[in-house]
Amino acid sequence: MRLHSTEIVEMAGIAGCDYVVVDAEHEPFTVREAAELVQTTLLCGMTPIVRLGRSSMHMIDPMLSAGAQGFNLARVKTAADVRELTDALYYYPHGTRTVYALGRSGRFGFETEEDSWMKEVNAELLVGVIIEESEAIDNLEAILAEPLLDFVDCGAKDLRQSMNMPPMSDVKAIEASVFARAKAAGKFTGHSVQGHLPDEAVYRSFAKGGGVMLNATPSGIIMSALAAQAALARTISAKQEKAA
């Protein structure tokens, strides 16, 4: 979700999506706007995941209170970055998250037994990182060894920039190696599907080996579908004018 639209979140639920990622790294969401997307995701039976950047770590506590069940941290460089995230997300014995069951995630404190609730929250969390720094490639083995890390994504464009702009084909080869090593370490991998529905072969290539999270942006889907519809309408109109 790069758009502040609870209606699009509802459409995703109706369409059968499993989760929604609220992009708090790139987009100018306020804490309240991001919380609305998280809450709507839950109400529609999906898992809300928040994507964090270096300047949006302050959103962790309010997003947890709103009900976020997953976090995806961009620009990770070391295993220490992963541990900093998990320490903020988890309750004892895995972290030092602030004990607060008075928000939405704790049923506003109504008949909430905190000890059992904290264990339940710990069990339901999903933690991911985005590999897009050359330093992360050097530290990948240690990053993948983090026991609370669930999934790994890659940001090829930022990774390329951190490597002084080599050919994209070189970066894609490194990205493929990251995904292979992540799967070997028992982690899920995240892949972005750009634009409208790709063909079956694209899906098969992404999903090879299982353990895959496929991400599509509503803005990309809408733009590509609208562009295709507009182009088709113009083609038909031009043929009709020619025939006339």
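**Figure 1. Asp 23, a buried residue of strand β1.** At 3% relative accessibility, Asp 23 counts as buried (under 20% relative accessible area; exposed means over 50%, partly exposed in between, with a 1.4 Å probe and protein chains only). Asp 23 belongs to strand β1. Strands (E, at least two residues) and helices (H or I, at least four) are DSSP runs, numbered from the N terminus. Setting aside neighbours within four places in sequence, Asp 23 is in contact with Met 1, Arg 2, Phe 29 and Arg 51 (contact: heavy atoms within 4.5 Å). This is a predicted model, in which local features need pLDDT of at least 70 and side-chain atom pairs count only at pLDDT 80 or more, while totals for chains, interfaces and linings use all residues. Residues are numbered from 1 along each chain as its sequence is written, and side-chain values use heavy atoms, with hydrogens and water left out.

**Figure 2. The whole chain and its sheet.** The protein holds 11 helices and seven strands. Its C-alpha trace spans about 75 × 45 × 30 Å along the principal axes. Of the 244 residues, 40% count as buried. Among contacts between residues at least 6 apart in sequence, 63% join residues at least 24 apart. An open sheet of seven strands runs in the order β1-β2-β3-β4-β5-β6-β7, with parallel pairing; two strands pair if DSSP finds at least two bridges between them. β1 (19-23) and β7 (212-216) stand at the edges with a single partner strand each, so one side of each has no neighbour in the sheet. On average, neighbouring strands of this sheet are turned by 25 degrees against each other, direction ignored. Axes are lines fitted to C-alpha atoms, for helices over the stretch in contact, and angles run from 0 to 180 degrees between N-to-C directions.

Figure 3. Strand β2 (residues 47-52) joins β3 through four bridges, and the two run parallel. Val 50 stands opposite Phe 71 in β3. In a regular strand the side chains alternate between the two faces of the sheet. Both faces of β3 are covered: Gly 70 and Asn 72 on one side, Phe 71 and Leu 73 on the other, all buried. Strand β3 (residues 70-73) pairs with β4 in the parallel sense over four bridges. The bridge partner of Leu 73 in β4 is Val 129. Five of the six residues of β4 are buried, so β4 is largely enclosed by the rest of the structure.

Figure 4. Four bridges pair β4 with β5 in the parallel sense. Here Gly 128 stands opposite Phe 151 in β5. Strand β6 (residues 188-193) and β7 run parallel, joined by five bridges. Val 193 stands opposite Ala 216 in β7. Helix α9 (residues 168-184) lies across β4 (126-131), β5 (151-154), β6 and β7, and runs at about 180 degrees to β5.

**Figure 5. Helices α1 and α2.** The axes of α1 (residues 6-15) and α2 (residues 31-43) come within 9 Å and cross at roughly 25 degrees. That makes α1 roughly parallel to α2 (angles under 35 degrees; over 145 is roughly antiparallel, 65 to 115 roughly perpendicular and the rest oblique). The crossing is right-handed: the near helix is turned clockwise from the far one by less than a right angle. Thr 6, Val 9 and Glu 10 in α1 meet Glu 36, Leu 37, Thr 40 and Thr 41 in α2. By class, this contact has two nonpolar, three polar and two charged residues. Ala, Val, Leu, Ile, Met, Phe, Trp, Tyr, Cys and Pro count as nonpolar, Asp, Glu, Lys and Arg as charged, and the others, Gly among them, as polar.

Figure 6. Thr 78 sits in the loop between β3 and α4 (79-89). At 21% relative accessibility, Thr 78 counts as partly exposed. Leaving aside neighbours within four places in sequence, Thr 78 is in contact with Glu 135, Asn 139 and Ile 143. Thr 78 and Leu 140 are 62 residues apart in sequence and 7.7 Å apart in space, C-alpha to C-alpha.

**Figure 7. Backbone geometry in two loops.** Most residues other than glycine have a negative phi, and most peptide bonds are trans. A cis peptide bond joins Tyr 92 and Pro 93, with omega about 10 degrees. Pro 93 lies in the loop between α4 and α5 (114-124). Glu 111 is found in the loop between α4 and α5. Phi of Glu 111 is positive, near 50 degrees. Glu 111 is exposed, with a relative accessible area of 66%. Met 165, in the loop between α8 (156-162) and α9, has a positive phi of about 60 degrees. At 48% relative accessibility, Met 165 counts as partly exposed.
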